[in-house]
Amino acid sequence: MLRAGDVVVRTPEHLLATLAALGVWDVAIELEGDELPALDGSAAGWVDAVDEAGRVPTGPLEPRLPSGVARIEADGVATLEPGASVGVAVAYDDGPSGLLEVPATEEAFRAEVAWARTFVLARDVPRLLAAGRGRGASEANTVVWPTSELRAPDEPVRHKLLDAWGDLALAGPIRARWFVERGHHQLHVHALREALA
Ligand SMILES: [Zn+2]
């Protein structure tokens, strides 16, 4: 697990989601540089990496259980409550929208979530480039909505689910229903801190 004081790595959420979904909580990762490779913009390559490295069973974990319903509303809404699923509701102004909730299982992660790639809205591309963000982004690792060809019509929704799962991993082993509407990293972290304080 990432611990305070460990090197701060940018863009870890796809790897964290993969590790959490595949039940890996004790792992050593060697990294060159301060940013993880974007791969194809999805978590598929991380799943392959874990499969290749192999996993050693260490006995059952004691997952955290939320004691009640915690609902945090800011510019989006994040809910953590008893259950065992991860879900998102996505609603961009003239952007992708949809709702998807999957069981928080390795099988669902592999089948429904891992392959969904990072996306940007075409209208945001000039602003992101001007701000110096998105360097390293290319058509090979970033879907431009709505012009790129998608792996599924709701691939952007699935990718938001991947990101939400990665942030949930920051809570450590947990059994809960985690559902976010119009979520983003800051909201997720804020909500998990409040809910698990
Ligand atoms: Zn992402």
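R182 is partly exposed, because 17 other C-beta atoms lie within 10 Å. In this predicted model, R182 sits in the loop between β7 and α6. Its phi is positive, near 50°, in a residue other than glycine. A second case is D94, with phi near 30° and again not a glycine. D94 belongs to the loop between β3 and β4. With 9 C-beta neighbours inside 10 Å, D94 counts as exposed. Most residues other than glycine have a negative phi, and most peptide bonds are trans. The bond from W145 to P146 is cis, with omega near 10°. P146 lies in the loop between β6 (residues 143-145) and α5.

The loop that holds D94 is part of a hairpin. Strands β3 and β4 form this hairpin, with 5 residues between them. β3 covers residues 85-91 and β4 covers residues 97-103. The two strands run antiparallel and are joined by 7 bridges. One of the bridge pairs links A91 to S97 of β4.

Both strands belong to an open sheet of 5 strands. The order is β1-β2-β7-β3-β4, and the pairing is mixed. β1 (70-73) and β4 are the edge strands, each pairing on one side only. Neighbouring strands are turned by 5° against each other on average, direction ignored. Within the sheet, β2 and β7 pair in the antiparallel sense over 5 bridges. T79 has F179 of β7 as its bridge partner. Helix α6 lies across β1, β2 and β7. Its direction is at about 35° to β2.

Helix α1 spans residues 13-21 and is mostly covered, with 9 of its 9 residues buried. The buried residues include E13 and H14 as well as L15 and L16. Their cover includes α2 (44-53), α3 (106-113) and α5 (155-168). After α1 comes G23, whose phi is positive, near 75°.

Two packed helices are described by the angle between their axes and the distance between the axes. The axes of α1 and α2 come within 9 Å and cross at roughly 45°. α1 is therefore oblique to α2. The contact involves H14, L15 and T18 of α1 and W46, V47 and V50 of α2. α1 passes α2 in a right-handed crossing.

The packing of α1 on α5 has an angle of about 70°, with the axes 7 Å apart. This angle makes α1 roughly perpendicular to α5. On the α1 side, the residues that meet α5 are E13, H14, L16, A17, A20 and A21. Their counterparts in α5 are L162, D163, W165, G166, D167 and L168.

The largest nonpolar core has 37 residues. A17, A20, L161, A164, W165 and L168 touch the most other members. Elements giving two or more residues to this core are α1, α2, β2 (77-81), β3, α3, α5, β7 (177-181) and α6 (185-196). L161 touches V86, G87, V88, L100, V102 and V113, not counting residues up to four places away in sequence.

Note on methods:
Residues numbered from 1 in each chain as written. Predicted model: local features only at pLDDT ≥ 70, side-chain atom pairs only at ≥ 80, totals over all residues. Pairing = 2+ DSSP bridges. Helix = DSSP H or I, 4+ residues; strand = E, 2+ residues; numbered from the N terminus. Buried ≥ 20, exposed ≤ 12 C-beta atoms within 10 Å, placed from the backbone. Contact = placed C-beta atoms within 7 Å. Core = buried A, V, L, I, M, F, W, Y, C linked by C-beta atoms within 7 Å. Axes fitted to C-alpha atoms, helices over the stretch in contact; angles between N-to-C directions. Parallel < 35°, antiparallel > 145°, perpendicular 65-115°, else oblique. Left-handed = near helix turned anticlockwise from the far one by under 90°.
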